[in-house]
Amino acid sequence: MGKAARDQSARDRIKAQRQEQMLKERRKRITTITTAAVLAVAAVGAGWWFAAQSSRSEQVGANLAPITVASDGSVVMAKAGVESPVLDVFEDFQCPACRALEETSGPTIKNLAAEGKAKVVYHPITIFQEQTNKGITRGNSVRAGAASRCIPGGVAWSRFHDKLFDAQPSETVEGFKIPDLIDWGKDAGVTDPGFDKCVTSQEKAPEHLAYSTKVLETQKLTGTPTLKLNGTEMDTGVAFKPAELRQAVLDAAK
């Protein structure tokens, strides 16, 4: 083989080696990119899974904690001897966001009380002004809130409370009509013979409105629903995620 041929052969080998090295590096880059993509997808998947788990509603336990209505109209749900942490629930039966909270985190709130993990205090109030939808929205809220005060406590109050949110009317349509409220009370287990008269006359409406004004002013609420844990307002993102809400309450008990 002449010198020229040997030189050409050497160049060919070098070229082949370079091409092989470039191919190896390309394969390595592809492997790295693919691995990163897989990890990224896995991370996103894990994030969605965590979000889904945090937002998943619990099932209400078979037994509720004792329920008593205080003289001011607030409603305490707690096992005997449980005084803290205190979870205050400020809600309006006509408030769509309150209904959403009840559907999402309501079971967790009830379970925490039943487990003796918290003292839950419900504060049914009216936040809507008279001029809202020509008074329709406020009227709905007041009728429901006043009717709930006609129940002295117990499981019947909780059932009635849940029914009000379940049957919540549109903010622009007259709802929570007196005959319906009476029927729902009986379905909830109310046996007090004075219940019908109490609801029909709306005798508790002035008390309900006075309490609403007091709560809105003293608690400095900007709207409902609002949850306060030991007096501190909770972030909405936590309130609407049952798992995070539960953990926050458990942490407050430590």
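**Close-up views of a predicted model**

The mean pLDDT of the chain is 88, and 79% of its residues reach 70 or more; pLDDT is the predictor's confidence in each residue, from 0 to 100. This is a predicted model in which local features need pLDDT of at least 70 and side-chain atom pairs count only at pLDDT 80 or more, while totals for chains, interfaces and linings use all residues. Residues are numbered from 1 along each chain as its sequence is written, and side-chain values use heavy atoms, with hydrogens and water left out.

**View 1. The open sheet has six strands in the order β1-β2-β4-β3-β5-β6**. The pairing within this sheet is mixed. Helices (H or I, at least four residues) and strands (E, at least two) are DSSP runs, numbered from the N terminus, and two strands pair if DSSP finds at least two bridges between them. At the edges stand β1 (67–69) and β6 (232–233), each with a single partner strand, so one side of each is left without a neighbour in the sheet. Strands of a sheet pair through backbone hydrogen bonds, either parallel or antiparallel.

**View 2. Strand β4 (residues 119–124) is largely enclosed by the rest of the structure, because six of its six residues are buried**. Buried means under 20% relative accessible area, exposed means over 50%, and partly exposed lies in between (1.4 Å probe, protein chains only). In a regular strand the side chains alternate between the two faces of the sheet. Both faces of β4 are covered: one side carries K119, V121 and H123, the other V120, Y122 and P124, and all are buried.

View 3. From β3 the chain crosses through helix α2 (residues 96–114) to β4 in a right-handed β-α-β crossover. A crossover is right-handed if, with the strands pointing away from the viewer, the path from the first strand over the helix to the second runs clockwise.

**View 4. Strand β3 runs antiparallel to strand β5 (residues 226–229)**. Four bridges join β3 and β5. Within this pairing, V89 stands opposite L227 in β5.

**View 5. C150 and C198 form a disulfide**. A search of the whole structure finds one disulfide, the term denoting a pair of cysteine sulfur atoms within 2.5 Å. The sulfur atoms of C150 and C198 are 2.0 Å apart, and the link is left-handed, with -80° about the S-S bond. The pair links distant parts of the chain, C150 being in the loop between α3 and α4 and C198 in helix α6, 48 residues apart. C150 is buried, with a relative accessible area of 7%, and C198 is buried with a relative accessible area of 7%. Two further cysteines are buried: C95 at 4% relative accessibility and C98 with a relative accessible area of 1%.

**View 6. E207 forms a salt bridge with R149**. The closest N and O atoms of this pair are 3.6 Å apart. The pair links distant parts of the chain, 58 residues apart: E207 is in helix α7 (residues 205–218), and R149 is in the loop between α3 (136–148) and α4 (154–166). A salt bridge is a side-chain nitrogen of Lys or Arg within 4 Å of a carboxyl oxygen of Asp or Glu; a search of the whole structure finds twelve. E207 is partly exposed at 40% relative accessibility, whereas R149 is buried, with a relative accessible area of 12%.

**View 7. D196 and K186 form a salt bridge**. Their closest N and O atoms are 3.4 Å apart. D196 lies in helix α6 (residues 195–201) and K186 in helix α5 (residues 178–188), so the pair ties together parts that are ten residues apart in sequence. D196 is partly exposed, with a relative accessible area of 28%, and K186 is partly exposed at 45% relative accessibility.

**View 8. K197 forms a salt bridge with E203**. The closest N and O atoms are 3.9 Å apart. K197 counts as exposed at 58% relative accessibility, whereas E203 is partly exposed at 39%.
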